[in-house]
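The structure comes first, and the details follow it.

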Amino acid sequence: MHLHHYSFIAEQFAPYTQVVNVHEFGNGNINDTYLVTIDTALPEEKQFVLQRINTQVFKQPRLIMQNMRAFTEHMRRRARDEGHQWEMPRVIPACDGQDFYLDPEGNFWRAISYVHGAHSFETIKDAALAREVGYALGTFQYLISDLPIHKLADTLEGFHITPRYLQSFNRAFSQNGFKRSAEVKHCLNFIEQRRELAHVLENAREHGRLQLRPVHGDPKVNNVMIDESTGRAISLVDLDTVKPGLIHYDIGDCMRSGCNTLGEETEQWEAVEFDPEIGAAILEGYLTQARNFLTVADYDYLFDSIRLLAFELGVRFFTDYLAGNVYFKVKHPQHNLQRALVQFKLTESIEAYEADIRHIIQGMVSPA
Ligand code: GN1
Ligand code: MG
């Protein structure tokens, strides 16, 4: 599409103002994201985020917008009432008052405010940032924790239910005649050896040990907004997957993202490792907030969740590779295979550090 076309879309959310610039923003694997600059004197309104929702993945995008209205308002109010320095992106309505714009081709567009004076990082370089990332997740979960889950629609059915991803893997595996390179064989073996693992959180939920709560769904490092002047986390963005779930999905996802300091896009998958010091700092920051709402059973599944979410994402990438790259955006045909290898190597490293990670968690449950 042409810049001119994007300006036209952006204008649907900014009537009466001149659109100065629209450029691609971030590197999301699902939606298309743009940063729009408009001609206004108000610094906090100069830019906003414009997104085309991938409706192959999010089949009911209107539900996303409904959720977003409900929980952002709730969380903003709670943050203000309790004196938290915290920002929630705002939904920007289109000219006709709706929370989205459908273009003539049927694409679903929405606009949200940009968290002004803040930026995010792709990977974690030091313990101070790690603590902020953990703090961001804890604060987010805390501010949303009193919103009854029935007020949140399910925007993506089956999201983070690991056994379902294994079923999809089975289907993709049986339907596709693919070349079995050494890497593919490695992934197949890796999954085979860990099938049982996939059920750990869902079993705990079925047995009543873990309960559904509102979750973020995608708290990876680059979704944490860090205030440029203070270095403190002030927001956790990318809110399409906020829905009822297990908070362990969030903890595991945040840890698999933050503790892989080479990043999930590295081509050197064999060098990927879990960094236990970064892990300890993320958990420390997280628990400053989460200590108030975690149960004893919640702590019991922390290690499992860290291991599981890395494994799950590996299975998801590998399945998409087998299925012909239909879910995650790719830059080349082997991209999802490479990403799967990264997550599996990370899983292996988490397994190797199991005793240390459990020790770190134990020390935080009962501080000396
Ligand atoms: C996808 O689109 P993005 O990058 O925000 C995915 C997450 C994965 C992530 C891996 C809806 O998120 O679950 O963890 O890629 N989102 C969805 O980078 O599937
Ligand atoms: Mg996302």
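## Magnesium site

In this predicted model, the magnesium ion (ligand 2) has Asp218 (OD) and Asp238 (OD) as its protein donors, at 1.9 to 2.1 Å. Donors are N, O and S atoms within 2.8 Å of the metal (3.2 Å for Na, K and Ca); water is not among the atoms, so sites may look incomplete. The two residues are 20 apart and link distant parts of the chain: Asp218 sits in the loop between β8 (213–215) and β9 (224–227), and Asp238 in the loop between β10 (233–236) and β11 (243–245). Helices (H or I, at least four residues) and strands (E, at least two) are DSSP runs, numbered from the N terminus.

Asp218 is buried, at 18% relative accessible area, while Asp238 is partly exposed, at 28%. Buried means under 20%, exposed over 50% and partly exposed in between, with a 1.4 Å probe and protein chains only.

## Conventions

Residues are numbered from 1 along each chain as its sequence is written, chains are lettered from A and ligands numbered from 1 in the order in which they are written. Local features need pLDDT of at least 70 and side-chain atom pairs count only at pLDDT 80 or more, whereas totals for chains, interfaces and linings use all residues; side-chain values use heavy atoms, with hydrogens and water left out.

## Largest pocket

The largest pocket has a volume of about 870 Å³. Its lining has 45 residues, and those closest to the centre are Gly28, Asp218, Lys220, Asn223 and Asp238. Pockets and cavities are found on a 1 Å grid over the protein atoms alone: a cavity is a set of points where a 1.4 Å probe fits but cannot get out, a pocket is an open set with protein on both sides within 12 Å along at least five of seven lines, and lining residues have an atom within 4 Å of a point. Grid points are joined across faces, edges and corners, and a volume is the space filled by probe spheres set on the points.

At least two lining residues come from each of β3 (47–53), β6 (108–113), α7 (247–258) and α10 (302–322); α10 has the largest share, 5 residues. The lining comprises 19 nonpolar, 15 polar and 11 charged residues. Here Ala, Val, Leu, Ile, Met, Phe, Trp, Tyr, Cys and Pro count as nonpolar, Asp, Glu, Lys and Arg as charged, and the others, Gly among them, as polar.

## Second largest pocket

The second largest pocket holds about 620 Å³. Of its 22 lining residues, Tyr165, Ser168, Arg171, Thr319 and Tyr327 lie nearest the centre. Helix α4 (162–175) and α10 each supply at least two residues of this lining, and α4 gives the most, 7 residues.

## Ligand 1

Ligand 1 has 17 residues around it (a heavy atom within 4 Å). Asn29, Lys220, Glu264, Arg316 and Tyr327 come nearest.

Polar contacts are pairs of N or O atoms within 3.5 Å; within protein, one must be able to donate a hydrogen and the other to accept it, and residues adjacent in sequence count only if both atoms are side-chain atoms. Oxygen atoms of ligand 1 lie 2.9 Å from a side-chain N or O atom of Asn29, 2.9 Å from a polar side-chain atom of Asp238 and 3.3 Å from a side-chain N or O atom of Arg256.

The whole structure has 1 cavity of 30 Å³ or more. Residues lining the largest cavity include Met255, Phe274 and Ile360, and α8 (276–290) and α12 (354–365) each supply at least two. The lining divides into 7 nonpolar, 1 polar and no charged residues.
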